[in-house]
Amino acid sequence: MNLRLRSLLVALVGSTLLFSACSPGNTTPSNTPEKTTPTASSTQETSPSPVAPAGALTITSSTDAALPSDPVTLSLENGTITNATVTGPGGAVEGTFEKDAWTPSKALELNTEYKLAATASDGTTKEASFKTVSPGSAETTFNLPYMDDNLGVGMPAYVKFSRAIPQEYRASIEKHAKVTVTPTQEGSWGWISDTELAYRPKEYWKPGTKISLDLKWLGVQATDKTWLKKDSSGAFSIKNVSRVIKVDIANYTTTVVENGEVVKTLPSTTGKEGFVTRSGTKLILEKYDSLKMNSDTIAIPSGSSEAYNLDAQYAMRVTWTGEFIHAAPWSVGSQGKANVSHGCVGLSTDNAGWLYKGTSIGDVVEFTGSDRKMKPSEGMGVWLYSWEEWKALSASGS
């Protein structure tokens, strides 16, 4: 069943309080004079109206079956709730009650009925029940790469899903994903593609930042027929140096900037005509001391005059479409003078080794000087957007 958001109303009327109406008896002695009928000007006493007892307890959670980590929100007719407790098949369930909501200390079981007992302000106890979602056997999985220490200042929190997530389910996924950043920095979730969700700051992370994720996704719907079936957590940290590599395609240079200061400018070469290197802000995605590079991987057939099959040292990937920074001793004569590669940044072996040693996964690489623009899906494209553009990619509008 497609679990759409709608009001869940579960009401159980509490114990009926019985009130007896009392009227004063006739206390006139038998030997007293006969009573006179009050005149219209006489004042008659009236009994005070009884205070209405607490009425029905209502569960007002906004799903037609509760998500295992969500608060269970409550309301009470003619009264207030002072406390609430929950029991399940295994007995009492740990949780806290605050501001008309009971929140479990840990995720509840899927497809399970729970009993909720609420103490009303008049001292009576009201009861109701709720059931957690039953997602069946179908699920969407996810993984959290890049949960490491000492990453570069450009690396976002990144989630990769096994299936494309339709628009209507994205806001709930974001809602149940908590990000903690120390020191605090403004940030937002955004969808790079149908299967990629990332959280980036407004500007590059401050050096030394620590980021943690708390994903309460057990039972959260991901597609029309699948659900996420686990909670997850992760953490990563940013190294203490902000390293930004600036590749000037038009002027054949690669400049390294650390904490805002230029450290070194290296002569380089990039993609030639027909293989022009993409402009845009990229990240170091992978590092290899040595990597076999074959032109088949970028759709150049082995019989072509442009075909190659070689070992490259100090290879640093910046796109999933085959762009790297690496040692290219065969092009040293052109480095700093001409662009002769098939799209990669070529450096001398010494310069590539020096750059490789100080570079981390997640370091920023800003490419300028070509009319060929990188597409977000071709790499970790979170920095291809302005801040306002990035926030617009959040399904929850954060």
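A polar contact, a term that will return below, is a pair of N or O atoms within 3.5 Å; within protein, one must be able to donate a hydrogen and the other to accept it, and residues adjacent in sequence count only if both atoms are side-chain atoms. The structure above is a predicted model, in which local features need pLDDT of at least 70, side-chain atom pairs count only at pLDDT 80 or more, and totals for chains, interfaces and linings use all residues. Residues are numbered from 1 along each chain as its sequence is written, and side-chain values use heavy atoms, with hydrogens and water left out.

Let us begin with the whole chain. Its secondary structure comes to three helices and 25 strands; helices (H or I, at least four residues) and strands (E, at least two) are DSSP runs, numbered from the N terminus. Of the 398 residues in the chain, 43% are buried, where buried means under 20% relative accessible area, exposed over 50%, and partly exposed in between (1.4 Å probe, protein chains only). A contact means heavy atoms within 4.5 Å. Among contacts between residues at least 6 apart in sequence, 67% join residues at least 24 apart.

Now look at one sheet. Strands of a sheet pair through backbone hydrogen bonds, either parallel or antiparallel. Here, four strands form an open sheet in the order 5-4-8-9, with antiparallel pairing; two strands count as paired if DSSP finds at least two bridges between them. Strand 5 (91-93) and strand 9 (125-131) each have a single partner strand and stand at the edges, so one side of each is left without a neighbour in the sheet. On average, neighbouring strands of this sheet are turned by 35 degrees against each other, direction ignored. For such angles, axes are lines fitted to C-alpha atoms (for helices over the stretch in contact), and angles run from 0 to 180 degrees between N-to-C directions.

Strand 4 (residues 81-88) pairs with strand 5 in the antiparallel sense over three bridges, and a hairpin joins the two through two residues. Val-86 stands opposite Val-93 in strand 5. Strand 4 also pairs with strand 8 (residues 113-120), again in the antiparallel sense, over six bridges. There, Thr-87 has Lys-115 in strand 8 as its bridge partner.

The aromatic rings come next. A search of the whole structure finds ten aromatic pairs. Rings of Phe, Tyr and Trp (its six-membered ring) pair if their centres lie within 6.5 Å; planes under 30 degrees apart count as stacked, over 60 as edge-to-face and the rest as tilted. Another pair, Trp-189 and Tyr-199, is edge-to-face because its ring centres are 5.4 Å apart and its planes at 75 degrees. Trp-189 in strand 13 and Tyr-199 in strand 14 (residues 196-201) are ten residues apart, and their pair links distant parts of the chain. Trp-189 and Tyr-199 are both buried.

Phe-161 and Trp-191 also belong to one aromatic cluster with Phe-142 and Trp-217. The charged end of Arg-170 sits over the ring of Trp-191, 4.8 Å from its centre; this wording applies if NZ of Lys or CZ of Arg is within 6 Å of the ring centre and within 35 degrees of the ring normal. Likewise, the charged end of Lys-282 sits over the ring of Phe-367, 3.7 Å from its centre.

Finally, visit the loop between strand 19 (261-267) and strand 20 (280-283), where Ser-279 is found. Ser-279 counts as buried because its relative accessibility is 4%. Its side chain makes a polar contact of 2.9 Å with the side chain of Ser-370. Leaving aside neighbours within four places in sequence, Ser-279 is in contact with residues including Ile-249, Phe-367 and Met-374.

Thr-270 has its place in the loop between strand 19 and strand 20 too, and counts as buried because its relative accessibility is 1%. A polar contact of 2.8 Å joins the side chains of Thr-270 and Asn-339. Thr-270 and His-342 are 72 residues apart in sequence, yet 7.4 Å apart in space, C-alpha to C-alpha.
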